Amino acid sequence: MSEELYEVAFSGAILEDADIEQVKAKVGAMFKADATKLAQLFSGKRVVIKKNIDQATANKYKTALMNAGADCEVKSLSEAVSSAPLDKPLDKPQEKPAVEPVKATEKTFSGDVAAAPQTDPLGISADDIEDLNVNIAPLGSDMQDEIKEVAAPDLDVSGLDMAEPGSDLGEIKKADEPPPPNTDGMTLLDP
């Protein structure tokens, strides 16, 4: 049986009687964080400090952060998974960003690396194109939907005949040689 896992998250909140600069100094020393990392931790956004840990380890992190004056959150990962909305539509179109991203061109790449293909360049997805909207057939099913009977063509074969069984079809018989010419009325003169 697997043990329940937890995560420790911090969103920049501090305890009531704590001084923000002292809390930043203590948290920075605890995590050996530089100014950039501290700015990220105290930005007001929820930052996961440690996850996939057991409850005892999560409680140690919480105690250490509370002693430093930081108010953190310990949350069970199984609750996070079960509390996610199941009826959320998957095909919800994403909002366009306020700033259009710069699209890379082939000139920005060097070597044999090709530019990444544009996805959704015209706002058309594969589901919108009838020829691309396909499904995979279940295992063992026929690949052709229906077999159509083809009518035999009407051919006129009245001018053809067949050779007798056992005939030699490879040789063409020569016609009988004509008789030699009649030379009875001819004579030869002496020289």
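Rings of Phe, Tyr and Trp (its six-membered ring) pair if their centres lie within 6.5 Å; planes under 30 degrees apart count as stacked, over 60 as edge-to-face and the rest as tilted. The model is predicted: local features need pLDDT of at least 70, side-chain atom pairs count only at pLDDT 80 or more, and totals for chains, interfaces and linings use all residues. Residues are numbered from 1 along each chain as its sequence is written, and side-chain values use heavy atoms, with hydrogens and water left out.

**Exercise 1.** Classify the aromatic pair found in a search of the whole structure.

Solution. 
- The search of the whole structure gives one aromatic pair. Phe-10 and Phe-42 form it, with 5.1 Å between centres and 80° between planes, which is edge-to-face.
- Phe-10 belongs to strand β1 (residues 6-14), while Phe-42 is in the loop between α2 (35-41) and β2 (47-53), 32 residues apart. Helices (H or I, at least four residues) and strands (E, at least two) are DSSP runs, numbered from the N terminus.
- Phe-10 and Phe-42 are both buried (under 20% relative accessible area; exposed is over 50%, partly exposed in between; 1.4 Å probe, protein chains only).
- The charged end of Lys-24 sits over the Phe-42 ring, 5.7 Å from its centre (the criterion is NZ of Lys or CZ of Arg within 6 Å of the ring centre and within 35 degrees of the ring normal).

**Exercise 2.** Which residues are linked in a network of salt bridges?

Solution. 
- A salt bridge needs a side-chain nitrogen of Lys or Arg within 4 Å of a carboxyl oxygen of Asp or Glu. The structure holds two.
- In one, Arg-46 and Glu-7 have their closest N and O atoms 2.8 Å apart. Arg-46 lies in the loop between α2 and β2 and Glu-7 in strand β1, so the pair ties together parts 39 residues apart in sequence.
- Arg-46 also meets Glu-73 in a salt bridge, at 3.1 Å, N to O. Glu-73 is in strand β3 (residues 70-76), 27 residues from Arg-46.
- Glu-7 counts as buried because its relative accessibility is 9%. Arg-46 is partly exposed at 41%, and Glu-73 is partly exposed at 33%.
- The network therefore consists of Glu-7, Arg-46 and Glu-73.
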